[in-house]
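Here are my notes on the model, point by point. Please read them with the structure open.

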Amino acid sequence: MRKFTYLVPKTLDEAISLYQSYGERAKYIAGGTDVLVKIKEGKLAPDYLISLKHIISQDRPFLNHETGELYVGAFVTHRMIETSPLVQAHYPILYDAVKNIGSVQIRNVATIGGNLVNAVPSADGAIPLITLDGKANIYGAKGQRSVDLLRFFLGPGQCDLERGEILTEVVVPRLLPRTGSAYIKHGRREAMELPMLGVGVLLSLEADMETCAKAGISLGVAAPTPIRALQAEKHLVGKTINEETLAEAGKIAGEESKVRDSIRGVAWYRREMVAVLVTRMGMKALERASRNAEVGMGNK
Amino acid sequence: MHNFCSVGKRVPKIDAVEKATGRAQYIQDLKLPGMLYGKILYSKFPHARIVSIDTSKAKQLPGVRCVLTAEDIPDIKMGVYKDNRPLKKGKVCSYRDEVAAVAAVDPETADEALNGVEVIYEPLPAIFDPEQAMKEGATLIHEEHKTNVLRMPWKLHYGDVDAAKKEAAHIVEDRFTTTWVTHCCMGASGSIAEFDPANNLKIYSNTQIPSLAQKDFLDALTAMGLKGNRVRVIKPVIGGGFGSKLDTYAYEYIAILLAYHTRRPVKVEFDRTEEFIATSTRQPTITYISQGCDQNGKLLFRDINMILDNGAYTSWGATTPSVMMMPITSLYRVPNVRYEAKCVYTNNTYAQAMRGYGNPQATFAIESTMDMLAEKAGIDPIEFRRINANKPGDVSTQGLRITTCGLEECMDAVKEKLEWEKPKGESEGVGLASLIHVGGGARVYKSDGCGTIIKMNDFGKIDLFTGATDMGQGSDTVIAQIVAEELGLQIEDIHVIHTDTDICPWDVGSHASRTTFVAGNAALGAAKKIKARLLELGAKQLEAPLEKIALRDRHIQHQDDSEKRIEIGKLLRKAHFSHGGQMLMAEYFYDPANENMGKDFRGNMSMTYTFGTHGVKVKVDEETGKVKILNYVAAHDVGKAINPMLLEGQVYGGVMMGLGYALTEQVILEKGENMNPNFRDYKILTAKDVVPIEAPVLETYDKDGPFGAKGIGEPGCVPTAPAIANAIYDAVGVRIKDLPITPERVLAAIREKKGLDLCGQELGRDDVDECIIEE
């Protein structure tokens, strides 16, 4: 393996200043589960690795009780998200996604920020967060900015980060009442698996507990970037949520997707699975929304 | 039955703690003083003429000690058919062809040097489909061979199949295919070669055939002009074999050549990508099969024509038809059998032995069509198999002599444990498939033997030198149990040494599920010799008649008088430290009385045969095509379980390997290029994928096996795929004839059955798009 110098800044500013000193020869690293693999494979050859692991920041997701916003720091590991009672209780879509990423060993070190900035279409972490209308907070030499996470992904391996900029956190806005959500990774085995398809569905219901007030449908590996199936979402709003309407939405989502053939799956199958899994995740989200309403918790 | 002390006990592997605590020394852990690192440059084309190779840049790189191409080495021929060379001359025939090799002071420098080797290729038309490659005028892989079909006439005809076809009341006929899968040994390949000043070779290598590898390397030395020099093969701890280490490989010869040229030890160690790309696979097959039975369900004939993708070179994969003949002629009673197999050169990767050695491929076609035939005849699948089951005393058309046979009992066990007749839920189904496999050695070479030497020290402990190879399956433990049992010792008293051809006797190799049977019998034979001498010494010491004394708990004792006893160690010291002293040593070479195949492929290749039946309950998701295994029962007639825990381990591991073969695993070759050389995209199943497995063990006490045991190394993965395919058919009425049985294939078949296209529409849709990058 190629040799490199490992740098350990303690603050964001220090990290950015190091990056400015070394420029192209440097690469940020957090958990390292992707960066180190790429170095070993010869796809990356940095002289300097700037670790973001020692920057003081929140190490677990937390809720701002005044605004109802969920903050997920970029350097939070998947395991921290997976084991967060807050996430498990109120953001099951995120829990569904992170609990099946790689293996426990990988989730113990891999960070959610790393998953996002890799910007691969199969990023399990991205789908729930874009379904939840997450915003990416970005910090760089020019200061802080914020962008819709959905727009953060520009293409395979490309995201909206200027040179030296660091994704610092994702902010999820307050959930509407009577909301339920679910995610499924469709793959061939139970661990160490990239999704052949990832499907996330969020439903917020009217007080009648059956009419759709808001829908979020997101797809991974269905296009060059993680996408929202906007037409399918639109189709659901104002309608009664049931297997039939969800199947219609699934079909529309399938048509909205830009699935392709690859060694991991063929296009026709992926498109079919979009329809099937949107329906299934929709039913699961509906059930969760009802359950939440019954026990009168969460999603205020 | 005899009351055993060691045999039949659930003893953990004797090397378990060492392995679990990271102290076991694999090839990756070994480092010799002054050692260099060798790396190999592979072809960039599936088929191309090598116009020129310029190594000057690589040679100038600081730290590079040697760069070799075919021009620099003698003509060393490798493989079963001697059609392969360590470094390719003139042209390359597959992506895994070795073109150049370097040795450098560290792996990074060696890698850099590879980049400095400039090869100019002239691409040639390539061929990847064996059925195309068989056609007249097809591009030749090896021009001098004149044809792409190997001259290995696998062809037999017993009885009269054509006449039987006319008599048959029911006939099924179909085509089945299997694809490339690979062993996925956790310990990747590697070897270290070193010459002493007199040019004797010492090679540390992962091999399951130390004695045959030694012979191969001796031939290489002869080609190098070193005829008469010695070769010593040392095995480090091996992290899995599964057949992959049954041949010698280019990388081993390259290590030898680099060591010879540099006068330094050279290590060649594969990384995981290389392990996927440059080691061999299971042999892919295309099988045309028909079977027929009479009104009562009695099998009348089996007719099989098979095409095997040999890849560009020939290793043991090309000889798998010899083992396929066993299930084809002898799984169930079949009076008329015809079989022909052609191995065909292509520009794909070349195949090797892999657990089951052709048996899984053949059994997939046989047991799938057995269910189809049962359905046609209107007979329950278990009853249909029972009508045709092998029985003790049978001699099959091929001349296999069935001694012990618990096949029907295995079927009964599956029927009971799987609750075969219980009503099933929606989209649920059950299926089963049986197996026959060699269980008492397999005479594929002139000798099927194994030697053992035992020496006892002054403390009543044993050093046991065996030819056998423990590559993780636990043979050291089983051998220790057998010897401890025979001599009244504890398992920890037996130190099994199998690592060094300088001190260990000859063995044909750890293959064919033969080690417990053959090496076990060899160890038992040596132990019996020791026992006779111990008893003789003991009788004298205890002043008792021979027939009155026994070995127990590390003592020799009088059977009627428990006060009359002496510790074995003490007895040995007395024998050693006295005038005209003696020490106890014994050797035994066991060669089973099995037979080589004759010209017509008849012959009792094994002393005994292992039988088994696997049954599985599945639930098929009809919307996604996913198959969920609800329960799996793998029943085997093993003769006698020497170590039930290790035996279950073999069965569990075999079943999981079989499940991967059935459902998920595939080396994806696109025009000869490996598209998934990593565990991310090669879908070997993980610990989280393990399904509920029950492994009932039937003991039939084979008279020829050590304490009645038969081999069980391979059977676990033999009938898995057809059992699952049969269960899927039972669940949703679709028959999948191609492996792996992916959700896509299942869904497509379900849609086809419903008269729909792939997208659930009545009209077709064009879905062929270009690939995208995704990770």
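1. Start with Pro740(B), in the loop between helix 17 and helix 18 (743-753) of chain B. The peptide bond from Leu739(B) to Pro740(B) is cis, with omega near -5°. Helices and strands here are DSSP runs numbered from the N terminus: helices are H or I with at least four residues, strands are E with at least two.

2. A word on the source. This is a predicted model, in which local features need pLDDT of at least 70 and side-chain atom pairs count only at pLDDT 80 or more, while totals for chains, interfaces and linings use all residues. Residues are numbered from 1 along each chain as its sequence is written, and chains are lettered from A and ligands numbered from 1 in the order in which they are written.

3. Helix 16 (residues 644-664) and helix 17 (residues 720-732) of chain B pack at about 55°, with their axes 8 Å apart. Axes are lines fitted to C-alpha atoms, for helices over the stretch in contact, and angles run from 0 to 180 degrees between N-to-C directions. That angle makes helix 16 of chain B oblique to helix 17 of chain B. Under 35 degrees counts as roughly parallel, over 145 as roughly antiparallel, 65 to 115 as roughly perpendicular, and the rest as oblique. On helix 16 of chain B, Val655(B), Gly658(B), Leu659(B), Tyr661(B), Ala662(B) and Leu663(B) meet Thr720(B), Ala721(B) and Ile724(B) of helix 17 of chain B. Contact means C-beta atoms, placed from the backbone, within 7 Å. By class, this contact has seven nonpolar, two polar and no charged residues. Nonpolar covers Ala, Val, Leu, Ile, Met, Phe, Trp, Tyr, Cys and Pro; charged covers Asp, Glu, Lys and Arg; the others, Gly among them, are polar.

4. Next, helix 9 (residues 320-330) and helix 10 (residues 359-377) of chain B. They pack at about 30°, axes 8 Å apart. That makes helix 9 of chain B roughly parallel to helix 10 of chain B. Their crossing is right-handed. Val323(B), Met324(B), Pro327(B) and Ile328(B) of helix 9 of chain B meet a set in helix 10 of chain B that includes Ala362(B) and Ile366(B).

5. The angle is about 30°, with the axes 9 Å apart. Helix 13 and helix 14 of chain B are therefore roughly parallel to each other. The crossing is right-handed. Among the contact residues are Val478(B), Ile482(B) and Glu486(B) of helix 13 of chain B, and Ala519(B), Ala523(B) and Lys528(B) of helix 14 of chain B. This contact has ten nonpolar, four polar and three charged residues.

6. Which residues of helix 6 of chain B are buried? Pro210(B), Ser211(B), Ala213(B), Gln214(B), Asp216(B), Phe217(B), Ala220(B) and Leu221(B). Buried means 20 or more other C-beta atoms within 10 Å of a residue's own; exposed means 12 or fewer, and partly exposed is in between, with C-beta atoms placed from the backbone. The buried residues pack against strand 10 (201-205), strand 11 (231-234) and helix 7 (250-262) of chain B. Gly225(B) follows helix 6 of chain B and has a positive phi, near 85°.

7. Lys185(A) sits in strand 11 (residues 179-186) of chain A. Lys185(A) is buried because 24 other C-beta atoms lie within 10 Å. Leaving aside neighbours within four places in sequence, Lys185(A) is in contact with Asn100(A), Asp124(A), Pro195(A) and Gly198(A).

8. Arg178(A) is not a glycine, yet has a positive phi of about 60°. Arg178(A) counts as partly exposed, with 19 C-beta neighbours inside 10 Å. Arg263(B), also not a glycine, has a positive phi of about 60°. Arg263(B) lies in the loop between helix 7 and strand 12 (266-269) of chain B.

9. Last, the chain contact. It takes 25 residues from chain A and 28 residues from chain B. The chain A side divides into 15 nonpolar, three polar and seven charged residues.

Definitions and conventions
Two residues are in contact if their C-beta atoms, placed from the backbone, lie within 7 Å. A crossing is left-handed if the near helix is turned anticlockwise from the far one by less than a right angle, and right-handed if clockwise.
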